[in-house]
Amino acid sequence: MTTPPASKPADILIVDDEANIRMVLADILRREGFTSDQAADGEAGLALVKQHRYALVIMDLRMPRLDGMTALRQMKAHDPDITVVIITAHGTAKTALEAVEAGAYDYFTKPFDITEVRVVARRAMEKAQFQREITTLRHESELRYSFSNIIGQSSPMQDVYNLINRVTDNDVTVLITGESGTGKELIAAAIHHNSTRKNGPFIRVNTAAIPETLLESEMFGHERGSFTGAVAQKIGRFEAADGGTIFLDEIGDMPLSMQAKLLRVLESGEVVRLGSNDERHVDVRFVSATNKDLKHFVETGAFREDLYFRIKGVEIHLPPLRDRREDIPRIVRHAIARFASEMQQQPPDITDAALLRLTAFDWPGNVRQLINVVQNMTVMALGDPDSDIIDVRHIPDDIATTEDDEDAVASSGSGSLAGTSLEQLEKRAIRETLRLTAGNREQTAKLLGIGERTLYRKLKEYGLR
């Protein structure tokens, strides 16, 4: 008997030539909240594996047509990341160990203990879940976290690029600082994706989002029964990141009790699960980020000084968007193209007036806020029956700026203009508009309301590039 995959993919595939064994296992797994498909031999099981990617395969070794060992090797050849647990008869431990050496995750023996089946299944499912997360994050890194997706040609961002290039080829700890929304996770992932660890996992942990009572278990894992509710063994994030990079976001919010334990891991490279005395070595690159002033936290005793110096091997500070306004036009156009592509439409144009308004705004939420606004504007423009051009009217009211704001940007926002000559004002206007357009002379001329020939003459006259 072979149970074909249901419309909703099952979690687990059970492969055994004994129908009663399949039925008992399916019932045990169902009580644990897992769905399952069934196959009566290795050949049928292999066919199902090629149709659907199961989180876990539980398979007997002795079966007709295609035995479990051969099926295991062929399944691993088809999908090296597949998680397989072997069922073997009592007294054949040697064969079971051979299966583990061939790529099986674990095994249990017949007649099996129900508790053992539950523990092994849950542990294997957890491992498979981590593997899926790793594969997904790796794919995201390839698509989203290359340097080409970090937009900005301003001087502050050039400094950031230089630092990233210096840290990618070594395992020095990196602390990324900056306001919320500046793109700290993007930088962390870019460091990983461009490093020698790029084929390893990139594991992100937001320490501020995890309750203090669960943080140690999430970071270091726990053994079954180590505390109330610990019904199965759990692999911590550090173990999941072995061979890759772990990124601790909002590290400034980490409780002092956890800071001491984190310092021990960074110094020794060993993690100890809750409920265990065994030290497990992990080979992990450590990157962290914060929007807090850690120096001040150290002075007030809210953050350990020894941990601060340990995590700050190299500090990369991301400037707020208001300090690199010349990057805003590039970010806006890049985001418009991205969102239009996701909607399978041609990217709309954006008017100079709308671009200037966006550039003039201070963006307290930084790049994250800008991207969200541009997404909204792109959707509204592409759905506008009258025009598919992004204009000022598509800018949300809560981020609209006044003419005074735009004037402040055009004059660099510094000092009084009283007593400044018209020649100096004109020179400043041209210089700052060139900054806003990232040196685009055609757009600069449009924003200033002059012809390109006039702009070229003024650039030569004032000695501007």
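About 40 Å³ of space lies in the largest cavity, where a volume is the space filled by probe spheres set on grid points joined across faces, edges and corners. This is a predicted model: local features need pLDDT of at least 70, side-chain atom pairs count only at pLDDT 80 or more, and totals for chains, interfaces and linings use all residues. Residues are numbered from 1 along each chain as its sequence is written, and side-chain values use heavy atoms, with hydrogens and water left out.

**Cavity**

- The structure holds one cavity of 30 Å³ or more. A cavity is a set of points, on a 1 Å grid over the protein atoms alone, where a 1.4 Å probe fits but cannot get out.
- Pro-329, Leu-355, Leu-356, Thr-359, Leu-436, Thr-437, Gln-443 and Leu-447 line the largest cavity. Lining residues have an atom within 4 Å of a point.
- At least two lining residues come from each of helix H14 (352-360) and helix H18 (441-448). Helices are DSSP runs of H or I with at least four residues, strands are runs of E with at least two, and both are numbered from the N terminus.
- H14 gives the most to this lining, with three residues.
- The lining of the largest cavity has five nonpolar residues, three polar and no charged. Here Ala, Val, Leu, Ile, Met, Phe, Trp, Tyr, Cys and Pro count as nonpolar, Asp, Glu, Lys and Arg as charged, and the others, Gly among them, as polar.

**Aromatic pairs**

- The structure holds five aromatic pairs. Rings of Phe, Tyr and Trp (its six-membered ring) pair if their centres lie within 6.5 Å; planes under 30 degrees apart count as stacked, over 60 as edge-to-face and the rest as tilted.
- Phe-108 and Phe-112 form an edge-to-face pair, 5.7 Å centre to centre with 80 degrees between the planes. Both Phe-108 and Phe-112 are buried. Buried means under 20% relative accessible area, exposed over 50% and partly exposed in between, with a 1.4 Å probe and protein chains only.
- The pair of Tyr-308 and Phe-309 is tilted, because the ring centres are 5.4 Å apart and the planes stand at 55 degrees. Tyr-308 counts as buried at 7% relative accessibility, whereas Phe-309 counts as exposed at 55%.

**Helix H3**

- In helix H3 (residues 68-78), the residues Gly-68, Met-69, Ala-71, Leu-72, Met-75 and Lys-76 are buried.
- These residues cover an arc of only 160 degrees around the axis, so they lie on the same side of H3. The arc is that of the directions from the helix axis to the C-beta atoms.
- At the start of H3, a side-chain oxygen of Asp-67 comes to within 3.1 Å of the backbone nitrogen of Met-69.

**Asn-366 and its contacts**

- Asn-366 lies in helix H15 (residues 366-382). Asn-366 counts as buried, at 0% relative accessibility.
- The side chains of Asn-366 and Glu-179 are joined by a polar contact of 3.1 Å. A polar contact is a pair of N or O atoms within 3.5 Å; within protein, one must be able to donate a hydrogen and the other to accept it, and residues adjacent in sequence count only if both atoms are side-chain atoms.
- The side chain of Asn-366 also reaches the backbone oxygen of Ser-180, at 3.0 Å.

**Backbone features in loops**

- The peptide bond from Lys-110 to Pro-111 is cis, with omega near -10 degrees. Pro-111 sits in the loop between strand E5 (106-110) and helix H5 (114-144).
- Glu-250 is not a glycine, yet has a positive phi of about 55 degrees. Glu-250 lies in the loop between strand E10 (245-249) and helix H10 (256-268). Glu-250 is buried, with a relative accessible area of 14%.
- Trp-363 is not a glycine either, and has a positive phi of about 50 degrees. The loop between H14 and H15 holds Trp-363. Trp-363 is buried, with a relative accessible area of 0%.

**C-alpha separations**

- Met-157 is in helix H6 (residues 155-167) and counts as buried at 3% relative accessibility.
- Ala-230 is in the loop between strand E8 (221-222) and strand E9 (234-235). Ala-230 is buried, with a relative accessible area of 5%. Ala-230 and Ser-217 are 13 residues apart in sequence and 9.8 Å apart in space, C-alpha to C-alpha.

Definitions and conventions:
1 Å grid on protein atoms, 1.4 Å probe; cavity = no way out; pocket = protein on both sides within 12 Å on 5 of 7 lines; lining within 4 Å.
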